[in-house]
Every structure is written in C-alpha cells, then in structure tokens.
Amino acid sequence: MKKKSIFLLAATATLYFNNVYAQETPQDSIKTSSIDQIVITGNSGPKKKIESSTAISTFTAKEIQKQNPISAAALLQRVPGFAVETSGGEVGNNLFARGIPSAGAYEFVQVQEDGLPVFEDGALQFANADNFFRVDNSVSRLEALRGGSGSIYANNSPGGLINFITKEGTNDFKGTAKLETSTYGLMRTDLNVGGALVKDKLFFNVGGFYRTDDGIRKTGFKANNGGQIRMNLKYVFDKGYAKIYYKKLDDRNTFYLPIPLTNDLKEFPGFNANYGTYSYRTISQLNIPQPGGGFFKRNLEDGIHPKVDAIGAEFKYDLGNNFSVLNKTRYTDINMAYTGIFPAGAPKTAAAFANSNGIAGNNYQYSLVSNGAAINPQYVQELGYWAIDKKMNNFVNDLQFSYKFDKGNVTAGFYKSNWKSNQYWNWSNILTTVSDKPQLLNLVDTSLTPNSTGYSKTYNGVTDMSFLLRDSQTQGSLNDLYLNLDYKITDDLSFNGGIRYSRDFYKGYSVNTTTANLNNSGLTTDGTHSFLTTTADDNMSVLGNKYSYWSYNVDKVSYTLASNYKINNENAVYARFSHGFRSPNEEAYYNYFTSTQDGPLKTVTTNQLEVGYKYYSRTFDIGVIPFYSTLKNLSFTDVFSDGTSENKFANTSNLGVEVEGYARLFNNLLEVGFNGTFQNPKYKNFTGKNADGTIFDYDGNTVRRIPKFYFNIAPSVNITKQWRAYVSYNYYGKRFQNEANTEDYVLPAFSEFGAGTSYQLGKIRFAIDGTNIFNTIGITEGDPRSQDASVSNIRMARPIMGAAVRGSITLDF
C-alpha cells in the first residue's frame, strides 16, 4: 500500500508539472534562449551568437534582474575566463582576464557603455573602471567578450571587452520601478521609462537609481550613498538614425581593505571577519596643518566619490550602393575624491611598535585621543589614511564605414581618443587600536618630559603627517585605424580577419617634493607644546617647483584571424588567433620617469589561440572553449604602504578551457546555469633583482592571485509558473598572493553560497536574495601593499562580504 501511495504521488506530481509547464516558459525563468540571440560586441555588425567566432557571454535585462547582482563585479563573476574579486565593496574591484596577472583594476579589458569606453584607460591609479559605472534598470543587456577580436575594436583590451548596452524607447510606452531594502540598512529605488514621442520616429528612455545603505561591513556611517541617471533620445529616419544621450553619476562608496586574521585565516580577537572593517567612523576625520600654511581636511565618510558627466551622440546613415557610415562620439568629465584606509602592514605588539619608533624598553605609554585615558593594548595598528583627488576627462570618436556584399562585409574605421588624468595625493599614517571599531591612539616616550624634543610619536593619533604628496598628470592621444573583413566561404563556413594600427602618444609630468616640518611654524600640538615635541611632522612632504616632463609613443599593430563552421542550426565550431597589446599603465610611467629603473619602459604584447564548440537549443546551451595565451613584458607596479612601488617585468603563458552552459529540464521545472574555468597560468623568464639587491627567480611559478580552477553553478526550481527558488554556488580555487609562491602567502580555496526566491504576481515581482548565506570567510587577496607576509600569529587579508539578505518589489508597466 505504501509503495502504491508513493507511485500515485509521483504520477500526480508528474501530471501537475507537465500541465503547468507544457504550454509556456515560467514568467520568472532566468534564461533567454541563446539560439536566436544577436551580438554586436567584437563584431563588425549584428551577428547571431552561433555565427560569431568569438568567446562571448550575454545577459539580458531580465537575466540581470533575476541575478540581482550587488555590484558590476558580482555580475561579471558569471563570465568564464574572468576571475573577479568582489571584496572591495560596490566599486574598486579587480578583474583578471584569462590568467593575466596585474596590480588589479580592469587593466587588460575595456569596460564600455554602448560600444565606447566608460573611460579610455580602466586601470589608472585608484580609478578602476567600475568606479564610474553602475548596473541599474536602464541596462538592456551585457555582452562580455574574452580575448579574440577585443584588440581590434578597442585599445588596451587583449583580455576582452565588457559592453553594457543601454535601453532605448520603442513605440510602446513601458517602464520598470523597483524598491529594495536589506539587512544592512539598504533603501534603494530604481526607475526606467521609455517610449515614443513621435510614433516610429522619435523615441526616448530615462532611467536611474538612488541608494543609501550602511554597508555589509559595519562602518558606523552611510557606507554607500548616491545615484545615477541616464537618458537618451533617438530619431529614426528612412536611411538611419541619430541618437544623443547623457549620464550623470554622483555616488559615494566605502572601499574595504584587508583586516587582521590569524595565520590559519580564522577570526582575530576583536575583529569580525565577515562584518568588520578598519574604515570606521571613530577614525573618519583628518585635519592636518600643512608646512605652507592652512590645513588638509578629509572625511572618510566620502569614500570613493566620483562625479561623472558623460554626453554622447551616435549617428548611422545608409549611403546607398551597400555603403553605410556609423559614428559614435562621447565626452566624459570626472571629478573624483578618493579616501580610504589602507593598513600599513599587520598589527604589531605595543612594545614592538614603540621600540620601532625609537622608544627604549618599556618607556612608552599609549592613550586614547578621544579622552586622554591611558591604556595598555596588546597590539596596535598603523593605518594609511590615503586621500587622492583625480580630475579626468576623455573625448572619444569612433568613425566607421561599412560595405556589404553578397558574401560578407568590410568595415574600416578611425578611432580617436584624447584623455587626461590629473591627480593629487596626500597620505598620512594614523595609529589605532586593533578592532573593528578602532580608536585613535597617542604614543609618548615616558623617559622624556612633555616639553622635550621627540616626546610624542603622534599628533592626535597621526604618526606621519602628510608623509607622501604626489602631483602628476598623464595624457593620452590615441589615433587608431582598423579594418575588419567578414566573408562567407559557404553558407556554413565563414572567415573573419581584422587588423588595427595604433599610433598613440602619451605624455605627462610630475612635481618634485621635498621634506619639511612644523617646528618653526609657531603652531602648537595642543595649545601649549610646539611641534618640536612630536616626531609626527618630521618627514612631511612639500611640493616643489621642479617639474619632470615625459613622453612615450606607441606604434603597434594588432590583428586577428578566425573561422566559424556552422554544423547545423544548433551546432558550431570556430578557431581564432589574435595578437594584441597593452600600453604601460599610469604607475609604470610615473615610476620610470621619476626614478632610476632597470631596462626600458615596455608595452605588453599578447598572442592568443582559441578554439571553441557551441551548441544552442531552446532548452540547452553549452560552450567549450580551450585557449592558449602568451604575454611578454608584463609589468608589476604595486604601490606599497610607504608610497614606493615596484617595476618588474615578466613573461607568462596560460593553457586553459572555458565552459559555459545552461539547461532547462523536466518541462521547465528545473533550470541550471553554470560556467567554469580550468587554466594553468605560469611565469616565464621572470628573474632579476629586488629593490634591496637580492636575486629572485620565479620562472615556472604560478601567477599570483589567480586560481587555476573556479566555477559557478546556479540551479533554480520553478515551483509554479509564478514562483521560483534558486541557489548559487561559487567556488574559487587556491591562489598565491606573491610571485614567489611561498606557503605563507597561500590564499586557500573557498566556496560561497547564495539563495533566493521570487514570486510573479501579474506585473509585480517580489524577490528575496541572499548572498554568502553560510558566512564563509573567503579570502580574495592578502595585503599587496605590504611585503611582510605575517607578524607573529597575524595575517592581513581581505575577505568577501558576510551574509546579507535583500528584499525587492519590482513593477513592470
């Protein structure tokens, strides 16, 4: 009887699910079928995904909505070949494409909006490309290209192109409104509307968001606060269209840096690994007198604060006789104030720190700046209070002519980009307790009297007042010609070839600095004692009137050859070879032209070979893409906590395979999206001298910070046509923090789970999304700004965010 009941229940369930799903796809299905998808990124024109000889991942607006990524970096985690670190917060994250190591940012890919760069160089110092872009409901889709033709259609992008395509209006007025809250004080509203002002002729779209929250890591202030608005107007005429658009971004985001953990990467006493941060309100204010007069003031609560204005236009016209012209242009202006807390190495014992500052034996005393109370901490922490101001602008124009013929098309273009980055740094070091609610500390030498020279090692908790100033400028003038040919050898076999000639000019300047102090300024530290009584001002940096001017020219050719064979409507194979390059980055220029470096300044050159198999159907997609890449003259330009930086060069090679797929099973009951990357990136010919004269040999070592294996799988169950539940699983493999691959720098593998559910009630969608639901302590990086692996039983590292839950209501109208 029991077995009969089980069979009866199973049969009933089967009939129920068959009836529910047999007629249509669930309203909240996560995936749009790839078989008919059209892609434009890295191609001369719109092309079916199965016919494109590129490794490209696509996400529609609906798919982005279902994933509800907490940041742009979190969305890019779903792209194979991209190893993404998301632990920095909403912005300031790092992406490594196809095993290419770097100091961080988006150094070997270009992030675009509607086919033009968000900013020409996505890896300027403290100006990661995601600082200037936010994902909201005005995004129509994302196309993420790896390798391949990236170097033909953009600069400095041998790793790929990331193209966010914005929504445009149609004849039907429609919109989306969303309200969202969370367990960390989030209040966010998104709105996007679009339609026709004149039917079939004039269309508009306006969208944006405003958000405020306390941050998953507890800062004691509003960690994220601001928003964005985007609008466009498009006029369609018989032979083409004209479009203008504008974007305004004004947003503040806290940037999270490494925190102390134990050597086995467990929680350090007094520091919550999932929710703690040194970036806390009790140390948020900085107010330091300057040798030339006045004060330097800063507020940590401003965090990374970009103000971005971008205005652009796009024009396409049919010239007749199968010729057409397309021109895209944009001007971007950015003012960004960047304020962050950067640990200056690991915590030290109270005695060790005092002794390192010239206090003998136990003749030291720590006290709280807030109330003057003497304390006896076991550990103290020196933190860098880094303030950077960047003023940036970028004018870009991409003009291309196309000719279509029976067997294909030819596209020729001229790309012009002028950009400028002015930056000013003012860095200080502060002394605090070792806690996720740190307090400022003063330190004095008790063997001296308060009136003695050097009695205090601090000034209101500051150990080094404005110890590093930098005033510099970098400019780029890019002049690139490119040509692309698509040719159909047969109905199923196609050829693609492209070439780009880059004649690019870079120049800039830096201002020299000298040291000074406030001893003879007439100022006092506390209303009574002169600055002779403290060492905090002894090495203040002062800008001089000597400028170092530099220039560097790039004269390079990039090219690619590919072939795609469409076996049938659902199967295709392709092969592609590409050669590209990356110009030296901003820090490399500064290092080389302001100090003595070994060897010449070099561009990074890349060669990539990839082959791929694609299968697309209504219920199942799979892409398997083996690849091999080599790089020459890869530079390392990490900035250390004392303001110095390295400048080393290496070659690398990488053999790997990218896998991406999707399945809709059991009459749409179960959906599974998955992607993974297997690779083996190695250093080649990486030998030389360290700054201290010692010899290093890293030949054959695994490249730093990049896993050999990482993947994501996200199954979802359509419980009914309206109700969906999902889980997601991210696995990030073992990595080495440093080039030497030493065991004390190992970053262990970790797993992260997410889960959520949604319910579609007519045009209203209710959703709950949880991230890192098991509170995993997953380490994405150690402390690249410190050359010491650990101190005693302490290790500095940057974990992913702790568990958080968001709830949202979305209305489509």
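Trainee: Over which residues does pLDDT stay under 50, and how many contacts beyond four places in sequence does the model have there?

Mentor: That is residues 1–24, where pLDDT stays under 50. For this stretch the model has 17 contacts beyond four places in sequence. Remember that this is a predicted model, and pLDDT is the predictor's confidence on a scale from 0 to 100.

Trainee: What does the protein chain average?

Mentor: Its average pLDDT is 92, and 94% of the residues score at least 70.

Trainee: Let's turn to L383. Why is L383 called buried?

Mentor: Buried means under 20% relative accessible area. L383 has a relative accessible area of 0%, so L383 counts as buried.

Trainee: Where does L383 sit, and which residues is L383 in contact with?

Mentor: L383 lies in strand 25, which covers residues 379–405. Beyond its neighbours within four places in sequence, L383 is in contact with residues including Y278, I283, F342, P343 and I430. As for P347, 36 residues apart from L383 along the chain, the two C-alpha atoms are separated by 9.3 Å.

Trainee: Nice! What makes strand 27 "mostly covered"?

Mentor: Strand 27 spans residues 441–445, and five of its five residues are buried. On one side you find L441, L443 and D445, on the other N442 and V444, and both faces are covered.

Trainee: How do you know that strand 23 and strand 27 pair?

Mentor: Pairing needs at least two bridges. Strand 23 (residues 364–368) and strand 27 have five bridges, so they pair, in the antiparallel sense. Look at Y366, which stands opposite L443 in strand 27.

Note on methods:
Residues are numbered from 1 along each chain as its sequence is written. This is a predicted model: local features need pLDDT of at least 70, side-chain atom pairs count only at pLDDT 80 or more; totals for chains, interfaces and linings use all residues. Side-chain values use heavy atoms; hydrogens and water are left out. Contact means heavy atoms within 4.5 Å. Helices (H or I, at least four residues) and strands (E, at least two) are DSSP runs, numbered from the N terminus. Buried means under 20% relative accessible area, exposed over 50%, partly exposed in between (1.4 Å probe, protein chains only).
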